[in-house]
Amino acid sequence: MSWFSEFLRHASRWAGGLWKSFSFVGLVIGTLFFAASLTPSLLPRHYAVQGVLSGIALGIGYALGVSIVLFWKYLEIPDFSHRVQRVGKAISSVGVAIVAVVFLSYAVVWQNSIRSLMQMEPVASADPIRVLLIAIVTATLLVGVARGLRYIWQVVDRQIRKVAPRRVSTALSFAFLAISLFLLTNEVVLRVALDAADATFLKLDEAVEEGIEQPTGADSTGSEESDVDWDSIGRQGKIFLAAGPTQAQIEAFAGAPAKKPLRVYVGLRTEEDLEERAKLALRELIRVGGFERSVLIVATPTGTGWLDPGAVDTVEYLHGGDTAIVSMQYSYLPSWITILVDPPRSRESAHALFQEIYGYWTKMKKESRPKLYVHGLSLGSLGSESSADIFTIFEDPIDGGLWSGPPFPSPLWNAAVQRREPDSPMWLPRVGDGSMLRFSGQKNALDLPGARWGSMRFVYLQHASDPMVFFSPELAYRSPEWLEGSRGPDVSPYFRWYPLVTFLQTGFDIPMATAVPTGYGHNYAPANYIDGWIAVTDPPDWSEERTERLKTLFEAPSEP
């Protein structure tokens, strides 16, 4: 057993040395960051997501603490006496340990505070042990990477110091490491990750949903008579073309004759060039008779090419099928990835398509052309709101638009929100007299007392719990306006802002934005679209009774 005792002695010595190598101040601040990360944000979190989030928060807090210590030493401020340090460490250790335990015990309360608002079943436990273990592993990996980088920096610094002064070598070695890390991350790590994501989502885009068959009607995009090859259309485009309401279904709802809704869609693989895809969409729209309908909608899809059935199906019912919707795919990556790697793509695609459609529409006689609207959800909203040159459309105005879940970089949305009336919250702004632009959320807020609608009407749908809308880089250092005063009906009353931590929390919410019930987060309900389309398009001979019947028809949630 002597070898085993020797092993334990060496292992204990190694573990003790490793523990002493950690910064006490870093551990204290890291633990406070860990505790703060357990508080609620916009969406409920699975324990695995919470564990990784908390581990990153712990690692960042630790790095901040180490930086404070290094800065303290750089200023050459004398350390406290050993006795003061010993007492201070004991008190602070007990204090942060209590904070961590209390916050872990309250995590289930905080998560259920969001779940109850979103009509989700409460959880019995937030799995604090699993969260803690995942967080420790994540933070340890981050610290290990940081120490590896520090070792590389020290090696480079020693070599440069042989031929340069200490301060010069420190600056040069740091610059070398920073540039090398930046190039490695962007050109290797991110490129490999993006290529992998690209290949994965391309396969998904090429897949064909069960039950989705090629259209056969001559007035259907993707049919044998169509100029758009069916096989070149992505998965979401095929669903859009084949799965909408039929003429018979609309007639059954209306109790009167209806038309077959027209849908035009051009896939990303249909034409190599963006402009050629837009021109093809126009030719196809003309071919199927889209300009002969009463309502024409230029719709910009999400990053995957998806168009929400709750948005497009409902407007077709509202107008008895006398509609045409034209759309064009620009990506097959999810919106939250596309907005990080190539945000201009949706704007460029939306602008190209709108210009083709608008250019043809303006040449038509005003008394015989359809009403023209724009629409987009998520990244589609970002593209759609930027598709039209404001000075051009004022010369010959379109009739309006409906946008939902506008992403945080959306310039028009940002401008409108910043110009809201002072007594209206950021999550439900009131802009000017409401004659051109209005906002709505879970409950219909479009009927403003005493306000009139103008001839051009636009509506934004947004949920206060949608991280795609309310995330912002400024969350790292500034409390958001949407947490000031009265907060949205689907935002936890326990949500508090913490520097850096809230930025991380809300950032982690973005990929999970659709993992909540319809009507919350980034999932918009058909009922809200119905209210929005009624406000924007003012369907003829419509009644409140038909509105309620249509909402009942669409009560079953739709999934992307």
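I began with strand β3, residues 323–328, and found it mostly covered, with six of its six residues buried. The model I am reading is a predicted one.

Entry 1, strand β3.

I looked up which way the side chains of β3 point. Thr 323, Ile 325 and Ser 327 point one way, while Ala 324, Val 326 and Met 328 point the other way. I noted that all of these are buried, on either side. In a regular strand, side chains alternate between the two faces of the sheet.

Next I looked up the neighbours of β3. Strand β1, residues 262–266, is joined to β3 by five bridges, and the two run parallel. In this pairing I found Arg 263 opposite Ile 325 of β3. Strand β2, residues 295–300, is also joined to β3 by five bridges, and this pair runs parallel too. Here I wrote down Val 295 with Thr 323 of β3 as its bridge partner.

I took down the overall counts before going on. The chain has 19 helices and seven strands. It has 560 residues, of which 47% are buried. Of the contacts with a separation of 6 or more, 74% are between residues 24 or more positions apart.

Where is Arg 45 placed? I found Arg 45 in the loop between α2 (24–37) and α3 (47–74). What is the nearest side chain of opposite charge to Arg 45, and how many Å away is it? It is Asp 509, at 4.2 Å. A salt bridge needs the side-chain nitrogen within 4 Å of a carboxyl oxygen, so Arg 45 is left buried with no salt bridge.

I looked for other polar partners of the Arg 45 side chain. One of its polar atoms lies 2.8 Å from the backbone oxygen of Thr 39. The side chains of Arg 45 and Ser 41 are joined by a polar contact of 2.6 Å. I also listed the residues that Arg 45 touches, leaving out those up to four places away in sequence. Among them are Ser 37, Leu 38, Thr 39 and Pro 40, and also Gln 111, Gln 505 and Asp 509.

I found 12 salt bridges in the structure. I went through some of them one by one.

Lys 260 pairs with Asp 219, and their closest N and O atoms are 2.8 Å apart. The two residues are 41 apart and link distant parts of the chain: Lys 260 is in the loop between α8 (247–254) and β1, and Asp 219 is in the loop between α6 (166–206) and α7 (235–242). I read a relative accessible area of 30% for Lys 260, which makes it partly exposed. Asp 219 is partly exposed as well, with a relative accessible area of 30%.

Asp 396 and Arg 369 meet through their side chains in a salt bridge of 2.7 Å, N to O. Asp 396 lies in the loop between α14 (390–395) and β5 (400–404), and Arg 369 in the loop between α12 (344–362) and β4 (371–377), so this pair ties together parts 27 residues apart in sequence. Asp 396 is buried at a relative accessible area of 12%, and Arg 369 counts as buried at 13%.

Glu 545 and Arg 549 form another salt bridge, the closest N and O atoms being 2.8 Å apart. Why are Glu 545 and Arg 549 separated by about one helical turn? Because they are four residues apart in helix α19, residues 544–553. Glu 545 counts as partly exposed at 47% relative accessibility, and Arg 549 is partly exposed with a relative accessible area of 35%.

I also noted a network: Arg 263, Asp 313 and Glu 316 are joined by salt bridges that share partners. Arg 263 is the residue I had already placed opposite Ile 325 in β3.

Last, I looked up Ala 124. Its place is in the loop between α4 (82–117) and α5 (128–161). Is Ala 124 buried or exposed? I read a relative accessible area of 83%, so Ala 124 is exposed. From Ala 124 to Val 108 I noted 7.3 Å in space, C-alpha to C-alpha, and 16 residues in sequence.

Note on methods
Residues are numbered from 1 along each chain as its sequence is written. This is a predicted model: local features need pLDDT of at least 70, side-chain atom pairs count only at pLDDT 80 or more; totals for chains, interfaces and linings use all residues. Side-chain values use heavy atoms; hydrogens and water are left out. Buried means under 20% relative accessible area, exposed over 50%, partly exposed in between (1.4 Å probe, protein chains only). Two strands pair if DSSP finds at least two bridges between them. Lys and Arg count as positive and Asp and Glu as negative; His and the chain ends are not counted. A polar contact is a pair of N or O atoms within 3.5 Å; within protein, one must be able to donate a hydrogen and the other to accept it, and residues adjacent in sequence count only if both atoms are side-chain atoms. Contact means heavy atoms within 4.5 Å.
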